[in-house]
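Reader: I have a model on my screen and a few things to ask about it. Can we go through them briskly, one at a time?

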Amino acid sequence: MTALVQQQAEATTVAVSCRALELPRSTYYRRLKPTAEAQVTLRGLVQQVALEWPSYGYRRITAELHRRGQVVNRKRVLHLMREDNLLCLRKRRFIHTTNSDHRLPVYPNLVPELAVTACDQLWVSDITYIRLQREFIYLAVILDAFSRRLIGWARERSLETELALGALRMALAARTITWRRGYRIAFVLVPRLLRW
């Protein structure tokens, strides 16, 4: 049957030949699967190229195989590379989001050796950005250092004082604070935030 379709395909297309024989095209292509020997040869070539060029992914390896005269689909190369664990891991570029080269005052770390033993002894906070489809939004969070629980957060479209104030207001509303010695640290670190 495959030979008959091949003879007809020389004169016409595979689709026309299969339609004339009332067969689906998938039957013709299913019969054309490579032999076991061809698969072993292809696997060896893929491994050889992957060892020569360790930073190549499946697309580049497919292109290299095409340059070497192999007719192979990139999906087949990807499948073989997955089976043999040859996929290269991309190194992600580290993106610096903090600008430490400025002339603004840098506040010292006032709690470098503090052993936190209970909740509400030390709160830590940070601000980050979230990329949306059309814009960035900023997120400020406050965590309790002992329980690692989120106690306050706020999000805004701009990186202004209201962002940090919103997170601090939520944290102060969520926790009942009994003022003890050492809480002045918060006043030293963020004196402007407490004027709301």
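Reader: Where does Glu-22 lie?
Author: This is a predicted model, in which local features need pLDDT of at least 70, side-chain atom pairs count only at pLDDT 80 or more, and totals for chains, interfaces and linings use all residues. Residues are numbered from 1 along each chain as its sequence is written, and side-chain values use heavy atoms, with hydrogens and water left out. Helices (H or I, at least four residues) and strands (E, at least two) are DSSP runs numbered from the N terminus. Glu-22 lies in the loop between α2 (14-20) and α3 (25-31).

Reader: Is Glu-22 buried or exposed?
Author: Buried means under 20% relative accessible area, exposed over 50%, and partly exposed in between (1.4 Å probe, protein chains only). Glu-22 has 73% relative accessibility, so Glu-22 counts as exposed.

Reader: What is the phi of Glu-22?
Author: Most residues other than glycine have a negative phi. Glu-22 is not a glycine, yet its phi is positive, near 55 degrees.

Reader: Which loop holds Arg-148, a residue with positive phi?
Author: Arg-148 is not a glycine either, and its phi is about 60 degrees. Its relative accessible area is 56%, so Arg-148 is exposed. Arg-148 is found in the loop between β2 and β3.

Reader: How many bridges pair β1 and β2?
Author: Two strands pair if DSSP finds at least two bridges between them. A hairpin joins β1 to β2 through four residues. Strand β1 (residues 123-131) and strand β2 (residues 136-144) run antiparallel, and their bridges number nine.

Reader: Which residue in β2 is the bridge partner of Thr-128?
Author: Look across the pair to β2. The partner of Thr-128 there is Leu-139.

Reader: At what angle do α5 and α6 pack?
Author: Axes are lines fitted to C-alpha atoms, for helices over the stretch in contact, and angles run from 0 to 180 degrees between N-to-C directions. The axes of α5 (residues 58-67) and α6 (residues 74-83) are 9 Å apart, and the angle is about 120 degrees.

Reader: Which residues of α6 meet α5?
Author: Contact means heavy atoms within 4.5 Å. From α5 come Tyr-58, Ile-61, Thr-62 and Leu-65. Their counterparts in α6 are Arg-74, Val-77, Leu-78 and Met-81.

Reader: How many salt bridges does a search of the whole structure find?
Author: A salt bridge is a side-chain nitrogen of Lys or Arg within 4 Å of a carboxyl oxygen of Asp or Glu. Searched as a whole, the structure has eight.

Reader: Which residue forms a salt bridge with Glu-52?
Author: The closest N and O atoms of this pair are 2.9 Å apart. Glu-52 sits in helix α4 (residues 36-52), and its partner is 16 residues away in the loop between α5 and α6. Glu-52 has 42% relative accessibility and so counts as partly exposed. The partner is Arg-68.

Reader: Which residues are linked with Glu-52 in a network of salt bridges?
Author: The pair belongs to a network of salt bridges. Linked with Glu-52 are Glu-64, Arg-67 and Arg-68.

Reader: Are Asp-120 and Arg-175 buried or exposed?
Author: Their side chains meet in a salt bridge (2.8 Å, N to O). The two are 55 residues apart, with Asp-120 in the loop between α6 and β1 and Arg-175 in the loop between α7 (161-174) and α8 (184-189). Both Asp-120 and Arg-175 are buried.
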